[in-house]
Amino acid sequence: MPTVVVIHGPNLNRLGKREPEIYGTTTLAGVEKLVRAHGREIGWKVETFQSNHEGALIDRVHAAADAGADGIILNGGALTHYSYALADALRSVEIPTVEVHISDIHKRESWRRRSVTGDACIAVLAGLGVEGYSTALDLLAERVAGASKRRRADAAKRPPKGKVAK
């Protein structure tokens, strides 16, 4: 069963309480319940992690790679906009990652419009509310399925072991 690690950054533990006019009223537990349910629907195991500390997020990215995770969904909170260390961690593990923003960062303060971690991701989703997490999981599932299909096709083209291609 493919595994996705959902990583929530600073202040996301305050979802449902923090600026509900921007982030809505769904709590972090509600977001995690939503993405786990969607994972079950499509046959993916969902692991979640939240920390207000940059180093802990980096450590979790590395641990995801060491455990063989198939994808990462990242909502890095404000770290998204300036954490080159987190961006480097994502690049170092070569796991397809989708960055999620509950609010539309492009319609907010100018400093929120740039995502340094997004440059290390296969996609950045913003403004879809908490449903963005399910959409991110669907994108990862399509990506992993496509990669598996390509590997099978490539394997079919290789000559059998012990045979030499002409």
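**Strands, helices and their terms**

Mentor: From the N terminus on, the elements of the protein chain follow the order β-α-α-β-α-β-α-β-β-α, and in number they are five helices and five strands. Helices (H or I, at least four residues) and strands (E, at least two) are DSSP runs, numbered from the N terminus. This is a predicted model, in which local features need pLDDT of at least 70 and side-chain atom pairs count only at pLDDT 80 or more, while totals for chains, interfaces and linings use all residues. Residues are numbered from 1 along each chain as its sequence is written, and side-chain values use heavy atoms, with hydrogens and water left out.

Trainee: How do you know that strand 4 and strand 5 pair?
Mentor: Two strands pair if DSSP finds at least two bridges between them, and strand 4 (residues 97-101) has four bridges to strand 5, in the parallel sense. Among the partners in strand 5, Val 124 belongs to Glu 99 and Ala 126 belongs to His 101.

Trainee: Which other strands pair with strand 3?
Mentor: Strand 3 (residues 71-75) runs parallel to strand 4 and is joined to it by three bridges; Leu 74 has Glu 99 as its bridge partner in strand 4, and Ile 73 stands opposite Val 98. Strand 1 and strand 3 also pair in the parallel sense, over five bridges, and the partner of Val 5 in strand 3 is Ile 72.

Trainee: What is the order of the strands in the open sheet?
Mentor: The five strands of this open sheet have the order 2-1-3-4-5, with parallel pairing. Strand 2 (45-50) and strand 5 (123-126) are the edge strands, since each pairs on one side only. Neighbouring strands are turned by 20 degrees against each other on average, direction ignored. Helix 2 (residues 28-42) packs on this sheet and touches strand 1 (3-8) and strand 2, where contact means heavy atoms within 4.5 Å.

Trainee: What makes strand 4 largely enclosed?
Mentor: Buried means under 20% relative accessible area, exposed over 50%, and partly exposed in between (1.4 Å probe, protein chains only). Five of the five residues of strand 4 are buried, so strand 4 is largely enclosed by the rest of the structure. Thr 97, Glu 99 and His 101 are buried on one side, and Val 98 and Val 100 are buried on the other. In a regular strand the side chains alternate between the two faces of the sheet. Strand 3 is likewise mostly covered, with five of its five residues buried. Across the protein chain, buried residues make up 43% of the 166 residues.

Trainee: Why is Glu 94 called exposed?
Mentor: Its relative accessible area is 71%, so Glu 94 counts as exposed. Glu 94 lies in the loop between helix 4 (84-93) and strand 4, and has a positive phi of about 55 degrees although it is not a glycine. Most residues other than glycine have a negative phi.

Trainee: Why does Asn 11 count as partly exposed?
Mentor: Because its relative accessibility is 37%, Asn 11 counts as partly exposed. Asn 11 sits in the loop between strand 1 and helix 1 (20-23), and its phi, near 75 degrees, is positive in a residue other than glycine.

Trainee: Why is helix 3 called roughly parallel to helix 4?
Mentor: The axes of helix 3 (residues 54-66) and helix 4 come within 9 Å and cross at roughly 5 degrees. Axes are lines fitted to C-alpha atoms, for helices over the stretch in contact, and angles run from 0 to 180 degrees between N-to-C directions. Angles under 35 degrees count as roughly parallel, over 145 as roughly antiparallel, 65 to 115 as roughly perpendicular and the rest as oblique, and therefore helix 3 is roughly parallel to helix 4. The contact includes Leu 57 and Val 61 of helix 3 and Ala 89 and Leu 90 of helix 4.

Trainee: What makes the unit of strand 3, helix 4 and strand 4 right-handed?
Mentor: A crossover is right-handed if, with the strands pointing away from the viewer, the path from the first strand over the helix to the second runs clockwise. Strand 3, helix 4 and strand 4 make a right-handed β-α-β unit.
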